[in-house]
Amino acid sequence: MSRQNRQDVRGKRVLITGASGTIGRALGARLVAQGAQVVGLDIRPTGDELYPVVACDVTDDASVTTAVEEAVGQLGGGLDILVNNAGIGGPAPAELPPGEEVRRQLDINLVGTWRVTAACVDALVADRGRVVMVASRMAVLQLPLAAAYGASKRAMVAYADALRHELGTHVGVTCVYPSAVRSPIHDSTAAAGLSLEGMSSYEPLEGVVDAIVRAAMSTRVRRDVTTTRRGALEFFIARHLPAVSDRIVRRTLAERARAGAFEGADLAVGVVRRHREMA
């Protein structure tokens, strides 16, 4: 993004959720280095971030209200940019009843985003601010065995669309669609034997941070921002040629299931059995 198409970061007041995690920490450090005023929210601040981080449980209404009030106060009472980055992943096959894992992902990824944004609306409207939703490629291209994450991120995009309609006269709303970044968010899925290695390619953290900054600082509000050329192609195919992306995912899943990628994974027993029956 050229300087002509980018606002000056210096002095911008930024609130980042999930600020102590992999993406949030890198984003906050980048913005601080460029002269922004950053405050974060996180359920477990580590204390070694380069900016203040307020403890906040995004699944708790009272915690969000209190933490956002404190954070905006630390920013001088105003807010230019809200980055909704907090999120978790985990194993959640669509064929199984939704349990605590599903509810937790939906509450953090979707409803938590909603809670924080609603608490920030007055400040954002007053300052003609910007909201950046860190969605996921899985918001448009669902992968198997992770239904809750994809559903929560697709719903996040739907929430962003509604927010854009309601606040668009005063507040810009942009969704960013990273693919997989190496971080602890994948640990519980891997521990369950449902790693999507081979179905999803990792991308550099710096590229994701670049895309979020681009979304936040572009002079023209962009509706959707992808993070790589491959991501842009996948986004286009999933949006405009969904039958093609479905075939690719089905074929890749079949190859991995038949190759024993999910051996010993209780949550994938049905998938493995059905693919073996078709072999």
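## A guided tour from pocket to sheet to cavities

The second largest pocket of this predicted model has a volume of about 310 Å³. To find its centre, select Gln142, Leu143, Pro144, Leu145 and Val249, which lie nearest to that point among the 21 lining residues.

Next, display the helices around this pocket. At least two lining residues come from each of α4 (147-167), α8 (242-258) and α9 (269-278). Which helix supplies the largest share of the lining? That helix is α8, with six residues. Colouring the lining of the second largest pocket by class gives 14 nonpolar, two polar and five charged residues.

**The sheet**

Now hide the side chains and turn to the strands. Seven of them form an open sheet with parallel pairing, in the order β3-β2-β1-β4-β5-β6-β7. The edge positions belong to β3 (53-55) and β7 (224-226); each has a single partner strand, so one side of each has no neighbour in the sheet. From one strand to the next, the twist averages 20°. In general, the strands of a sheet are paired through backbone hydrogen bonds, in either a parallel or an antiparallel manner.

**Strand β1 and its two partners**

Select residues 13-17, which make up strand β1. On one side in the sheet order is β2, and on the other is β4. Five bridges join β1 to β2, and the two strands run parallel. Two positions show this pairing: leucine 15 has valine 39 of β2 as its bridge partner, and isoleucine 16 stands opposite glycine 40 in β2. Towards β4 (residues 81-84), β1 has three bridges, and these two strands also run parallel. Here valine 14 may be selected together with isoleucine 81 of β4, which stands opposite.

Are the residues of β1 buried or exposed? Five of the five are buried, so the strand is largely enclosed by the rest of the structure. In a regular strand, side chains alternate between the two faces of the sheet. In β1, Arg13, Leu15 and Thr17 lie on one side and Val14 and Ile16 on the other, and all are buried, so that both faces are covered.

**Strand β2 and glycine 40**

Move to β2, where five of the six residues are buried. Within this strand (residues 37-42), select glycine 40. Why does glycine 40 count as buried? The reason is its relative accessibility of 0%, since the term applies to values under 20%.

Show the surroundings of glycine 40 next. Apart from neighbours within four places in sequence, its contacts are Leu15, Ile16, Ala19, Tyr51, Pro52, Val53 and Val54. One of them, tyrosine 51, is eleven residues away along the chain, with 7.3 Å between its C-alpha atom and that of glycine 40.

**Helices across the sheet**

Helix α2 lies across β1, β2 and β3, and runs at about 165° to β2. Then select helix α7 (residues 229-240), which lies across β6 (172-177) and β7 at about 130° to β7.

**The two cavities**

How many cavities of 30 Å³ or more does a search of the whole structure find? There are two.

The largest cavity has a volume of about 40 Å³. Select Arg137, Val140, Tyr177, Ser179, Thr226, Gly231, Glu234 and Phe235 to display its lining. Helix α7, already in view, gives the most to this lining, with three residues. By class, the lining of the largest cavity comprises three nonpolar, three polar and two charged residues.

The second largest cavity has a volume of about 30 Å³. For its lining, select Thr17, Val58, Asn84, Ala86, Ile108, Gly112, Thr113 and Val116. Helix α3 (residues 100-126) provides the largest share of this lining, four residues. The lining of the second largest cavity divides into four nonpolar and four polar residues, with no charged residues.

Terms used. Residues numbered from 1 in each chain as written. Predicted model: local features only at pLDDT ≥ 70, side-chain atom pairs only at ≥ 80, totals over all residues. Heavy atoms only, no water. Buried < 20%, exposed > 50% of the residue type's maximum accessible area, 1.4 Å probe, protein only. Contact = heavy atoms within 4.5 Å. 1 Å grid on protein atoms, 1.4 Å probe; cavity = no way out; pocket = protein on both sides within 12 Å on 5 of 7 lines; lining within 4 Å. Points joined across faces, edges and corners; volume = space filled by probe spheres on them. Nonpolar A, V, L, I, M, F, W, Y, C, P; charged D, E, K, R; others polar. Pairing = 2+ DSSP bridges. Axes fitted to C-alpha atoms, helices over the stretch in contact; angles between N-to-C directions.
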